[in-house]
Amino acid sequence: AAPDSSPAGTDTAQAVTIADPDSVRLVTLGDALQALGGQVRLLQGITPDRVELVPSRDVPGAAAGVPVVRISYRDPVGGAMVLEEQRLPSRQGPGEPQVAIDSIPGGNLATWVDRAGFRLRITVPGDQSMVLRMVNRVQ
């Protein structure tokens with residue numbers, strides 16, 4: 001099946017064809033597209049360092065049995081940023097996304113569900129303003 005090239009806000013994605021993996025696997029962006037039903041979210045203007053398919057059980061709050069794509073980036077000063085995304089089975093998100101931010105050792109974590117039904121979680125070194133800037137770069 002060809003990846004869906006429709007904008008992120010529309011939902012013509014095909015069924016997910018990659019099963020929830022048993023362990024973390026290094027994959028291509030093409031594999032990530034397939035796992036997420038034809039769409040993938042990226043940090044605008046930043047090149048990914050690594051793309052992995054991750055078991056849902058390894059990601060707190062993830063829907064069970066649905067694959068998670070983890071995309072790792074380097075921030076401008078060399079710290080690691082991680083974007084995890086999962087296409088929820090309902091394929092329908094809330095009206096206006098609500099972003100929850102939590103402090104973690106060495107940075108902050110933001111979690112939200114976008115309008116297209118993607119559960120997103122980004123870990124960023126730095127303060128809350130830095131994590132909010134990165135949330136706004138997810139497309």
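Colleague: Which residues does P55 touch, not counting residues up to four places away in sequence?

Modeller: In this predicted model, P55 touches D20, P21, D22, S23 and V24. P55 itself is found in the loop between strand 2 and strand 3. The C-alpha atoms of P55 and D22 are separated by 6.0 Å, though the two residues are 33 apart along the chain.

Colleague: Why is P55 called buried?

Modeller: Buried means under 20% relative accessible area. P55 has 0% relative accessibility, so P55 counts as buried.

Colleague: What makes N108 count as buried?

Modeller: The cut-off is again under 20%. N108 is at 5% relative accessibility and therefore counts as buried. N108 has its place in strand 6.

Colleague: How do you know that the side chains of N108 and S103 are joined by a polar contact?

Modeller: A polar contact needs a pair of N or O atoms within 3.5 Å. The contact between the side chains of N108 and S103 is 3.3 Å. Leaving aside neighbours within four places in sequence, N108 is also in contact with residues including I122, T123 and V124.

Colleague: Which members of the largest nonpolar core touch the most other members?

Modeller: L43, V69, I122 and M134 do, out of 26 residues in that core. Among the elements that give two or more residues to this core are helix 1 (29-35), strand 7 (118-125) and helix 2 (128-137).

Colleague: What is I122 in contact with, leaving aside its neighbours within four places in sequence?

Modeller: The contacts of I122 include L43, N108, W112 and M134.

Conventions:
Residues numbered from 1 in each chain as written. Predicted model: local features only at pLDDT ≥ 70, side-chain atom pairs only at ≥ 80, totals over all residues. Heavy atoms only, no water. Core = buried A, V, L, I, M, F, W, Y, C linked by side-chain atoms within 4.5 Å. Buried < 20%, exposed > 50% of the residue type's maximum accessible area, 1.4 Å probe, protein only. Helix = DSSP H or I, 4+ residues; strand = E, 2+ residues; numbered from the N terminus. Contact = heavy atoms within 4.5 Å. Polar contact = N/O pair within 3.5 Å; in protein donor to acceptor, adjacent residues only side chain to side chain.
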